[in-house]
Amino acid sequence: MELVLKDLTKEYGSKVALDHVNLTFRAGVYGILGPNGAGKSTMMNLLTDNLKRTAGTITYDGTDILELGQAFRGKVGYMPQQQGMYEEFTARHFLQYMAGLKGLAPREARRQSDELLGVVNLHENKDQRIRSFSGGMKQRVMLAQALLGDPEVLILDEPTAGLDPEERIRIRNYISQIAGNKIVMIATHVVSDIEGIAGEVLLLSEGKVLIKGSVPELVASIRGKVSEGMIEESKLPELQQQYRISNVFHAGEGKLRVRIIGDCPPEGFAPEDSHTGLEEVYLYYLNQSL
Ligand code: ADP
């Protein structure tokens with residue numbers, strides 16, 4: 001199971017949305033992290049064959065996915081960002097309908113639909129219309145439909161968009177539960193969606209991969225780049241112009257303890273890496289690329 005993107009490029013007119021991207025995916029959970037406009041959806045749409053690439057190749061176990069056609073599409077489960085198209089269906093009918101589109105025979109479609117509604121904990125709601133569901137329940141229905149046919153490649157575009165923290169955690173747990181022996185890609189701009197579950201994180205900006213690695217590797221790569229120091233409250237705007245601020249704590253008496261990200265901290269600041277996380281990695285590299 002190896003999915004390889006080689007010099008993958010997508011231009012919309014003169015806009016380069018993906019710029020010679022080279023990546024290899026094997027079984028595991030990958031977080032594709034980047035701000036809006038980074039090229040995440042473009043990459044997902046090229047992988048799901050919803051969009052034509054400008055240049056480069058995407059191969060699955062050595063053969064281009066365009067050549068594989070349905071043989072590849074049948075192995076891919078996709079959870080798109082948009083929802084709200086099937087409000088009048090019940091959860092169960094929606095899944096059976098999607099299973100039909102994926103080519104599952106009716107009996108198998110019914111079996112998998114019921115099983116997957118159980119996996120995402122919607123068994124008791126299976127005969128209710130999707131219209132009546134909360135955002136989190138709708139996301140779980142979309143996750144269930146992506147799992148129909150037991151795909152080898154699972155592509156999730158902003159799986160927790162619009163959810164409250166409790167629902168986010170629940171969706172995240174489902175994703176790591178079902179990951180198993182699959183290539184799972186999670187595109188997001190929300191760091192917490194992937195920090196605990198991704199084996200590898202790719203940071204994408206303006207169509208390019210800025211850096212990739214495991215969370216501990218990425219955190220280690222910015223060792224010494226996060227510093228803390230005390231300043232007068234009035235000095236904050238000035239500091240904000242020069243540095244990315246990761247956190248500000250009120251220290252009393254008009255003073256602030258400030259956590260900043262950057263290569264050369266101001267005088268009086270000292271490196272403080274003990275709780276550096278992926279969010280600071282993200283801020284550091286994005287800032288570097290601007
Ligand atoms: P992301 O999913 O990371 O937010 P996208 O892949 O949607 O990023 O977009 C990447 C870039 O391509 C953005 O600059 C966006 O404006 C541009 N883009 C996306 N779709 C189109 C399109 N259909 N026509 C022109 N430009 C587009």
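**Close-up views of helix α4 and its partners**

**View 1. Where α4 meets α5.** Ala91, Arg92, Leu95, Gln96 and Ala99 of α4 are in contact with Ala109, Arg110, Ser113, Asp114, Leu116 and Leu117 of α5 (contact means heavy atoms within 4.5 Å; helices are DSSP runs of H or I, at least four residues, numbered from the N terminus). By class, these residues are six nonpolar, two polar and three charged (Ala, Val, Leu, Ile, Met, Phe, Trp, Tyr, Cys and Pro count as nonpolar, Asp, Glu, Lys and Arg as charged, and the others, Gly among them, as polar). The model is predicted: local features need pLDDT of at least 70 and side-chain atom pairs pLDDT 80 or more, while totals for chains, interfaces and linings use all residues. Residues are numbered from 1 along each chain as its sequence is written, and side-chain values use heavy atoms, leaving out hydrogens and water.

**View 2. The crossing of α4 and α5.** Here α4 and α5 (residues 106-119) pack at about 130 degrees, with axes 9 Å apart (axes are lines fitted to C-alpha atoms, for helices over the stretch in contact, and angles run from 0 to 180 degrees between N-to-C directions). That angle makes α4 oblique to α5 (under 35 degrees is roughly parallel, over 145 roughly antiparallel, 65 to 115 roughly perpendicular, the rest oblique).

**View 3. α4 beside α6.** Turn now to α4 (residues 91-101) and α6 (residues 135-146), which pack at about 30 degrees with axes 10 Å apart. The two helices are therefore roughly parallel. Ala91, Phe94, Leu95 and Met98 in α4 meet Val141, Met142, Ala144 and Gln145 in α6. This contact has seven nonpolar residues, one polar and no charged ones.
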